[in-house]
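Me: I would like to learn how to read a strand and its neighbours in a sheet. Can we work through one case?

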Amino acid sequence: MRILHTSDWHLGIRHGPASRAPDHALFFAWLRDHITETAIDALVIAGDIFDTMQPSAETLGHWFRFLAGLPDTGLAQVIVVGGNHDSAARLEAPAAVLGALDVHVVGGLAAAETGRSRSIVPLRDRAGTVRAVCLAIPYVHEFRLGVRTTDLDTTATRQAFRDRFSMLYRQLVNAAREQHPGLPIIATGHMTIGSQARREDYPHEIHQVGTLDALPADILDPRIQYVALGHIHRPYPVDPERRAWYSGSPIAFSLPEARVTRKVIQVELSADPEGSPTVTPISVPPGRALQELRAGPEALLDAVRRLRWTEPLPPLLFCRVVADAMPPDLGGRLHEALASHPEDARPLLAELRQERTTSAVPTDGDTPPPRLDELHPEQVFETLLASRGLSQASDLRAAFARIASADPRDFDAMVVAATEGRT
């Protein structure tokens, strides 16, 4: 049986005013073609379908149109589980309708004992024969498993996490073997597992409390032939012996992510429940470059005008202005530089940020910068003004001086006055 594993689509994500919907449209077209050409039996999406828990109507429309087109590929089934970005209720709301398209959705589990029957999903091949079983396990908050971190120290919390998540997978494997004996088992998960994750690999920490870090890989039952993981945006195997992989996001959402080729994971299951799968990472063609431009104001504008690219979509720009002060007209001139490109091939501005060439806190080259508690409040404020290109803002400096010299008992009156626009 042939399965395609993907995750972390983050439909609806934006970079400021720049929508990534065109990137997703390209990915959807490629994915449909790949499913058709390689005769994929089942598509497994391991969480974070949407970027927010309240996706827009437009974003929902993209999602449903994609699912509605999958029957034309010959795909037998789709398994969708919720991630920490998804609303479980919203994801599951159309489940009855999606079931008619052979799309099985598990947005969340209320507790370890509930949802078991819907989390154990027989997997059919294109001929309609059940060849495997999927344990559709979404993002599960530790609270749902009975872990109360406020009652435990770090060591006890770590052990409780390990025990409860291990029990969840073990009990579901036992139930799957009882209901479908002799079939290979795959599972999903949306969490941070193993020691290889880097901070840039995930936008939000989950199952990480204080110094707890990631969950250990041994929470995954060894009887599972393959584990399709989500949450980490970089593709890599967590533990090849346990056959668990992160597919990563199919689209790069940050500059660090853009340095790594985007993947989906193709899995050929062994008919022997104790056998090993054949795992093949498949590269997703890049639809758009994420490009960092770092220069002085004039050089930056010139670089924007001279931009060229080979990807189907124009690049997404992260602009760093190297200057002691941000020119007040730079934003407008930058948009004029972007507009010098044809309207249907215009680069998108994701971020405009200043990088100062000097520091407002004087140091020599051999001396480390002072600690915060060694600085006067005025020095800290001057550094802030300089970092925002506001060194000439005498009105802000005067307002700070009034606050710094005010009697704390006058703060409430100052807040009221500011709220009413009197200062």
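Reply: Start with a single residue pair. This is a predicted model, and in it Val227 stands opposite Ala244 in S12.

Me: How many bridges join strand S10 to strand S12, and do they run parallel or antiparallel?

Reply: Two strands count as paired if at least two bridges are found between them. Here S10 (residues 226–230) and S12 (residues 244–246) are joined by three bridges and run parallel. Another of the residue pairs is Ala228 with its bridge partner Trp245 in S12.

Me: What about S9 and S10?

Reply: S9 and S10 also run parallel, with five bridges joining them. As one example, Gly189 has Leu229 in S10 as its bridge partner.

Me: In which order do the strands of the sheet lie?

Reply: The sheet is open and has six strands, ordered S7-S8-S9-S10-S12-S11, with mixed pairing. Strand S7 (120–124) and strand S11 (236–239) are the edges, each pairing on one side only. On average, neighbouring strands of this sheet are turned by 30° against each other, direction ignored.

Me: Which helix packs on the sheet, and which strands does the helix touch?

Reply: Helix H6 (residues 154–179) packs there, touching S7, strand S8 (130–135) and strand S9 (185–190). The direction of H6 makes about 150° with that of S9.

Me: Back to S10: are its residues buried or exposed?

Reply: A residue is called buried when its relative accessible area is under 20%. In S10, five of its five residues are buried. Tyr226, Ala228 and Gly230 point one way from the strand, while Val227 and Leu229 point the other way.

Technical notes:
Residues numbered from 1 in each chain as written. Predicted model: local features only at pLDDT ≥ 70, side-chain atom pairs only at ≥ 80, totals over all residues. Heavy atoms only, no water. Helix = DSSP H or I, 4+ residues; strand = E, 2+ residues; numbered from the N terminus. Axes fitted to C-alpha atoms, helices over the stretch in contact; angles between N-to-C directions. Contact = heavy atoms within 4.5 Å. Buried < 20%, exposed > 50% of the residue type's maximum accessible area, 1.4 Å probe, protein only.
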